[in-house]
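The following note sets out numbered points on the model shown below. Please read them alongside the sequence and the coordinates.

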Amino acid sequence: MPNRRCTSGLHFTRAWVVKPFVRFLEGQGYPSERGLLEVHLSPDLLEDDDAIVPIRPAIAFIERASRAEGIDHLGLRVAETVTVDELGSMQSLMVRSRNLNEYLESACRLAGSITTSARYAVCVSGDTAHFHYGTLDVGNPVHGHLFTLDVTINTLRALAGESWSPAELVLPAGTAEGLAAISSAFEDARVDRSARSASFAFPRSFLALPAPRPSETSDVPLDADLARPDAGGFRDAVRRLVECLILEGFADVHTAADAAGMSVRTFQRRLAECGLVFTRLVQEARIEVAQRWLREEGRPVNEIANALGYTDAANFTRAFRRLNGLSPSAFKASLEGEVRAP
C-alpha cells in the first residue's frame, strides 16, 4: 500500500508565467541569465512556453531582481506589458470559451495545471462577482498576486472598456512603495491590505461578455487540458524537479532540497519513505532527457554528455547502456531506422 506521505508537496509553474518577468527585467538592463543561474534555473527551461519550472527558484529569481532594480511592485509593472498572445496555454481557453464566464471557470479548473500552488475562484453574490487568487506557502506571494490580478483586470478592461477599474482590491501586505504604486494604478479603488490572498470585484454582467481572443497570427495550442506537473505524486514530482536542475549541472541533493522547500534531512526522509534513492533519480532523469534530445533534436552524443554533467562521453555511454541496453549511437540509429521504415 503506497505511503500517504508520497503525495508531492513540490510546486511548479509554466515557463510562460516566468518569461514576461525575464523580458521586462532585461529591458531594464538586469542580467536575467545570470540571475536565473544564481537560483539554479537554466535559461533553457524558458524556451518552451509550457515547460515546467520549479516555483521556489522562480520566486527567488523575481525577489532578487525586484530588490536589485528597486521595484517593489514588479508584478504590477510586468503585468502591464503582457498581451493575451503571451499567456501560453491560457490562449486555448480563450479560443474554446464563448464568454468570460466560461473562460474564468476554465481558468479556475486548470489553475493547478499552470501553477500547482495557485488557487483561483469566482464567487457571485447579487449583481457582483469576485475573482479570488491565493497560493499555498511557497514563498513571498506579493509579486505573483499583483501579476495575476493585474493581467486578469486588464483582460476585463479589454472587454468592458479601458475606463473600467475595480472599486476594491484586496491584496497581501506589501511595502509602502509598492502599495503606493498600486493605488496610483487603480485610483478609484479602495485597497485592503490585510488579507493573505487577493481578490477584486467586478459587475456580474461582465460574465456574459465574449471571451478574450488572441490575435489571428498567434500560434494557439489546441489542447489546454495540461496534466498537473505534480499529478504523479512525490516520485514523479522529484524526477521533474531533477530534470529541471540537471540542465546546468545543479542536480545535487542540497539544491534539490532547497528548490523543494525542505531541509536536506526532510527531503532525504521523504525520499526514503517513498523507496527512492536520489542518485538513482538523477541517473534516470539524465537518461530520460538524453533520450528526448536524441529523439527530438538529434543532438551529438558528446554535446549531450557535456550538457548533462558527465565527465566524458564514455561515462555517459556506459550509463545510457546500463539503463537502456543500447548505446546512445545505437539508440539514435534505431530511431532513424523507424523513420525510414515504410
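This is a predicted model: local features need pLDDT of at least 70, side-chain atom pairs count only at pLDDT 80 or more; totals for chains, interfaces and linings use all residues.

1. Arg-239 counts as buried at 15% relative accessibility, where buried denotes under 20% relative accessible area, exposed over 50%, and partly exposed the range in between (1.4 Å probe, protein chains only). Its side chain meets that of Glu-288 in a salt bridge, at 3.0 Å from N to O; the term requires a side-chain nitrogen of Lys or Arg within 4 Å of a carboxyl oxygen of Asp or Glu. Because Arg-239 belongs to helix H9 and Glu-288 to helix H12, the pair ties together parts 49 residues apart in sequence. Glu-288 counts as partly exposed, at 28% relative accessibility. Through salt bridges that share partners, Arg-235, Arg-239, Arg-280, Glu-284 and Glu-288 are joined into one network.

2. Residues are numbered from 1 along each chain as its sequence is written, and side-chain values use heavy atoms, with hydrogens and water left out. Helices (H or I, at least four residues) and strands (E, at least two) are DSSP runs numbered from the N terminus.

3. A further salt bridge is formed by Glu-284 and Arg-235, whose closest N and O atoms are 3.4 Å apart. This pair links distant parts of the chain, with Glu-284 in helix H12 and Arg-235 in helix H9, 49 residues apart. Are the two partners buried or exposed? Glu-284 is buried, with a relative accessible area of 13%, and Arg-235 is partly exposed, with 34%.

4. The structure holds 13 salt bridges. In one of them, the side chains of Glu-86 and Arg-23 meet at 2.5 Å, N to O. Glu-86 lies in the loop between helix H4 (74–79) and helix H5 (90–96), and Arg-23 in helix H1 (residues 15–27), so this pair ties together parts that are 63 residues apart in sequence. Glu-86 is partly exposed, with a relative accessible area of 26%; Arg-23 counts as partly exposed at 33%.

5. Helix H10 (residues 253–260) is mostly covered, with six of its eight residues buried. The buried residues are Val-253, Thr-255, Ala-256, Ala-257, Ala-259 and Ala-260. They pack against helix H3 (55–69), helix H9 (233–245), helix H11 (264–273) and helix H12 (278–296); contact here means heavy atoms within 4.5 Å.

6. Which residues form the negative surface patch? Its members are Glu-26, Glu-33, Asp-44, Glu-47, Asp-48 and Glu-248. Patches consist of residues with over 30% relative accessible area and no salt bridge, like charges being joined within 9 Å and nonpolar side chains (Val, Leu, Ile, Met, Phe, Trp, Tyr) within 5 Å. Asp-48 is placed in the loop between helix H2 (32–38) and strand E2 (52–54), and it is partly exposed, with a relative accessible area of 46%.

7. The loop between H2 and E2 also holds His-40. This residue deserves a check of its backbone, as His-40 has a positive phi of about 70° although it is not a glycine. His-40 is partly exposed, with a relative accessible area of 28%.

8. Ala-121 lies in strand E3 (residues 118–125) and counts as partly exposed at 29% relative accessibility. Leaving aside neighbours within four places in sequence, Ala-121 is in contact with Cys-108, His-130, Phe-131 and His-132. The C-alpha atoms of Ala-121 and Gly-134 are separated by 8.9 Å, the two residues being 13 apart along the chain.

9. Arg-321 is found in helix H14 (residues 313–324) and counts as partly exposed at 42% relative accessibility. Not counting residues up to four places away in sequence, Arg-321 touches Leu-326 and Ser-327. The C-alpha atoms of Arg-321 and Ile-287, 34 residues apart along the chain, are separated by 9.5 Å.

10. For the protein overall, there are 15 helices and seven strands. Buried residues make up 50% of the 342 residues. Among contacts between residues at least 6 apart in sequence, 70% join residues at least 24 apart. The protein exposes about 16,500 Å², of which carbon and sulfur atoms supply 49%; accessible areas come from the Shrake-Rupley method with a 1.4 Å probe, and for residues only the protein chains shown count as cover.

Key. Lys and Arg count as positive and Asp and Glu as negative; His and the chain ends are not counted. The place of a charge is taken as NZ of Lys, CZ of Arg, CG of Asp or CD of Glu.
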